[in-house]
Amino acid sequence: MRFLSRRRRHPLAGFVVLLLGLVVAGGLYSTLAPRSAGADTADARQVETGRQLFLVGCAGCHGKNAAGILAAKGGNYGPSLVGVGAAAVDFQVGTGRMPLANSSQQAPRKPPAYTAEETAALSAYVASLAPGPAIPDTEYTDPSDEADVTNGGEFFRTNCTACHNSVGAGGALPGGRYAPPLDDVSGKYIYEAMITGPQQMPVFADSVITPEDKRDIIAYIESVSEEPRYGGLAGGGLGPVSEGLFSWIIGIGGLVVAAIWIGAHGARVKKQT
Amino acid sequence: MSDTKTPTHTPVEQTKFGKRAGGPVKWLDERVGAAGVARGLIRKVFPDHWSFMLGEIALYSFIVLLLSGTFLTFWFQPSMQEITYTGSYTPLYGLEMSQAYASTLDISFDIRGGLLMRQIHHWSAMLFIAAMYVHMLRVFFTGAFRKPRELNWVIGVLLMVLGLIEGFAGYSLPDDLLSGTGLRFVDGLIRSIPIVGSYLEYFVFGGEFPGNEIIPRLYMVHILLVPALLLGLIAAHMLLLVYHKHTQWPGPGRTEKNVVGYPVLPVYAAKAGGFFFVVFGFTALMGAVLQINPIWAYGPYNPSEVTAGSQPDWYMGFVEGAVRLMPNWEFTTLGWTFSLNVFIPAVLLLGAFFTAIGAYPFIERWVTKDDREHHLLQRPRNAPVRTALGVAAMTFYGVLWIGGGNDIIATQFRLDIYAITWFCRVMVFVGPVIAFIITKRICLGLQRADKEQVLHGYESGVIERSPDGGYSERHTPLSEVGQYELTTHERVEVAAPPPAADDRGVRVPGARKARRHAFVSKFYYGDVVDKPSRDDVDEARHHAGHDGHELEADEEFRGVGETGVPRSH
C-alpha cells in the first residue's frame, strides 16, 4: 500500500488510474456483452463469404459497396442496398428474383440461383451495411392454430386483393408490371414482401399491420389455397372472364354441336352408304 | 326398295292406346275445347335445319333458369341487414356480413345441392344470353328479319336487353365483393347521366350508394318484374313465330307460300323435347364440374375493398371494355359535372348499340324499298354488305370485349395493359372497317365461285394430261338441284340516280332524296355478283359440249361428288 500511496501524486498516476479504469470497463464489457466471441467470428466469416458472393454476383449492378450505380441520365443500374435489411435480400434472392436474368419491367419469380446458405451469407452481408428489416421469426410466418383466419381475410381483402386478386391469382399493373400470383409462396416470403415492399409493392410496416395480423393474412392465404375447389374446375381464379370463355366455348359450342347432331338425324334423313 | 311392305294404317282411336286415352281426352275436350287448337298446332309444319334450333337453346335455358331460380328463392334472404356469419365456411366464420351474402353462403355450403343449383342457375344465365346472341346472328345473317318479321326482331332485341338487366340484377344479389363492385359500376353509370344522374342514383339506391334498399329492390326486379316481362315477350315472340310460320332455306319445292318440313307431332315434339333435355343435361354437367362465381372467395361487400380481376359477366363485358378504353373526358360547368368518360361509353353506347340493332330491319327496308313478304332465307354471301356490316359489328363488340378483359389478358399473356388499351382504342374504329372490307370481299368471292360452278360445273378431282404435257382438272356439271339452289336467290337491282334536272333544266322535285337513296342502294348492291341467267347457263352448256372439257357424272365417273366426297369409294 505504501508503494501506491507514495506515488499517488506522481505525474503519471492519473494516466495509470485512467488506464486501469479502461481495462476494467473493457474487461467487464467483453465478459458481459451478449455475444460470445466464437459467434462473432462465425458471423464475421458469414459476412465475409456474403461479401465475396456479392462482389461476384451482385456488384455489377449494385456497386462494389452495395451503394448502387447511378446511370448517366438519372436513375440507376441497380439501387443502393444500404439499409434494405436481410429480409429484402432473403426475399429477392430466395425467390429467384435476384439476380436478374435480363433487364425487364419487373423481376420475375424463377428458380433461385443461390443455395440457402449462400442466400443467408448475402443477407448477412447486406444486413451488416446498415440496420434494416430482419428475416422474420417462424412464429409469424408458419401460422399455427392460434392464427385468426377470418381476421386475416379481412386484412387480405382490405390491403392485398386490389392487386393480387381475391384468390391470390395475381393482377395486372400499369406498364407491363404485375402483382404476382400468391399460390405456393411460402409464409416467410409473403411476410418479407410485406415488410420490405419489393418492386411495385408498398411496404406494410409493423405499425400499419402488426406481426400478428401479418401472420393471420398468411394463414388466410394458406387456408384458401389449401381448401378444395368447391364447385369444380375454377378457371385459374380469374373470375368472369374465364367463365365467359367457358360459357361460349364449352356451353354454346357444345350445344351447337348437339343441335347439328339433332338436325342431321331427322325423321326421314337416311344415312347414305 | 321393292321389298318394302306397304304400311298399313290403323286409326288412333282403334289402337290399344287410343281406346284407353279416348275417355279422359274427350272429357277434357268437352270442358276446355282444346282439341281444335291442338289439332292445328300438332299438325304444324316446321322446316328442318340445325341453325333453327339456336333460339331453342335460349328458350330451354330460360326454363332451366325458372326451375333452378325457384329452388334458390327457398333459402335466399334478400336483406342487407348485418348479421354475424356462423355457417360452415370457416375462413369467413364470425364475420359481419349482410343476410343476402350469408344466405348465399348457406346455399353454397349448408344446403344440400345448393351449390350445384346456384352453379346451374348461373351457367344457364350465361347460356341464355349467349344463345340469344347466336340466334340473333343467325336471323341477321340469313335475312330472316325481313317483312313480315320486323316486329318479332324488335321483340327479340327487347328480350336481349331484358336478359342483360335480369342477368345483372341476379349477379348483384349475393352482395359479395365482386357483385358489389359491379353495382358500384352501375352506380357510376347512373350518376354519369348529365344533371339528373345524382338524383336518379338517390332514387334507385334509396339514398347514397350502397344504402340498405338496393338488394331487396333488385330481388323484386330479378324474380318478379323482369321474369314476368320476359315471359310475356317470349310468349309474343313464339306466337308471332307460329303466326308467320318459320322461315326456310330455299330449295326445290320450297316457295314463299309454303313450308316444307315435318309436323310438330311426332317429329318436332321428339326433337325439341329431346333437345330440352340435352340443354338441361349440359347445363347441369357444367354446374357440376365447372366452378362459377365463387362468392366465398370474394368475401362480403365492403365499399372500401376491391379485387383485381373484377369483371362483370361476359354479356356486360363490352360496356366494361368501352369504359376502360374511353379517355378521361370530364368537365364542370355551372356546378354540374359532366362525366363524358363514363356517359359516352356506358350509357350512350349501350343505348345506341341496341337501338341500332333494333332499327336495322327498317334501315334495310329503306335501302331496298322492298315491301314483299320473305319466307325464304338468304345465304349470307348473297347479301354481302349486310353480312359485312354484321361482321363489322361483331368485330366492334369483340374489340370492346378484349378491352374489358385487358388486365386478365395482360397477366396471362405477359403483355402491357396500356399497350392492350391503346391497341383496342385504335382497333375499335379501324377493326370494323377492315372486317367490313374483308368480309365483303369474301362474300363476293363466294358469289363468283357459285356462278362459276353453275356455269362450268364443279372441280371433279380428275386431272388430265394433254398431249403436250399440260395438266388440267376436269369439271363436272352440277346436278339440277345444285344449280337451282345456287341460283334461286333474287336478282338485285341497284336504284339508278335520277337526273337532278329534266331536259328543260327544271329541278325534279324530290331528286335529292332519290339520289341519296340511289347512293345507299349502290353501296348495298353495287358490287353484287349477279347470278347467271338461263341463257348464260345454256350457252355455257353448249360451249362445254364442244371442247369436251366437262366430264359427265355417269357410270364411268371416278371423280368426287358435289360435296367433295370421292365417288369411287
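**Note on cores, backbone exceptions and aromatic pairs**

1. In this predicted model, Phe275(B) touches Leu255(A), Ala258(A), Ala259(A) and Ile262(A) of chain A, and Met53(B), Glu56(B), Ile57(B) and Tyr60(B) of chain B, leaving aside residues up to four places away in sequence. Contact here means heavy atoms within 4.5 Å.

2. On conventions: local features need pLDDT of at least 70 and side-chain atom pairs count only at pLDDT 80 or more, while totals for chains, interfaces and linings use all residues. Residues are numbered from 1 along each chain as its sequence is written, chains are lettered from A and ligands numbered from 1 in the order in which they are written, and side-chain values use heavy atoms, with hydrogens and water left out.

3. Phe275(B) also belongs to the largest nonpolar core, which has 107 residues; Phe275(B), Ile129(B), Tyr133(B), Phe318(B) and Phe354(B) touch the most other members. Such a core is a set of buried Ala, Val, Leu, Ile, Met, Phe, Trp, Tyr and Cys residues joined through side-chain atoms within 4.5 Å. Buried means under 20% relative accessible area, exposed over 50%, and partly exposed in between (1.4 Å probe, protein chains only).

4. Which helix gives the most to this core? Helix α5 of chain B (residues 114-141) does, with 15 residues. Helices (H or I, at least four residues) and strands (E, at least two) are DSSP runs, numbered from the N terminus. The core lies between domain 1 (49-299) and domain 2 (457-547) of chain B, because both give residues to it; the domain bounds come from an automatic or database assignment. A second, separate core has 20 residues, among them Tyr189(A), Ile195(A), Phe204(A) and Ile209(A).

5. Two cis peptide bonds deserve a look. One runs from Lys147(B) to Pro148(B), with omega near 5°, and Pro148(B) is in the loop between α5 and α6 (150-172) of chain B. Another joins Leu265(B) and Pro266(B), with omega about 5°; Pro266(B) is placed in helix α10 (residues 264-289) of chain B.

6. Positive phi values occur outside glycine. Leu334(B) has phi near 50° and lies in the loop between β5 (331-333) and β6 (336-338) of chain B; its relative accessibility is 79%, so Leu334(B) counts as exposed. Arg414(B) has phi near 55°, sits in the loop between α15 (406-412) and α16 (417-456) of chain B, and is exposed at 64%.

7. Over all chains there are 45 aromatic pairs. Rings of Phe, Tyr and Trp (its six-membered ring) pair if their centres lie within 6.5 Å; planes under 30 degrees apart count as stacked, over 60 as edge-to-face, and the rest as tilted. Trp248(A) and Trp314(B) have ring centres 5.1 Å apart and planes at 75°, so the pair is edge-to-face. This pair joins two chains, because Trp248(A) lies in helix α12 (residues 240-264) of chain A and Trp314(B) in the loop between α11 (295-298) and α12 (317-325) of chain B. Trp248(A) is partly exposed at 23%, whereas Trp314(B) is buried at 5%.

8. Two charged side chains sit over rings, a placement that requires NZ of Lys or CZ of Arg within 6 Å of the ring centre and within 35 degrees of the ring normal. Lys214(A) lies over the face of Tyr191(A), 5.5 Å from the ring centre. Arg425(B) has its charged end over the ring of Trp422(B), 4.6 Å from the centre.
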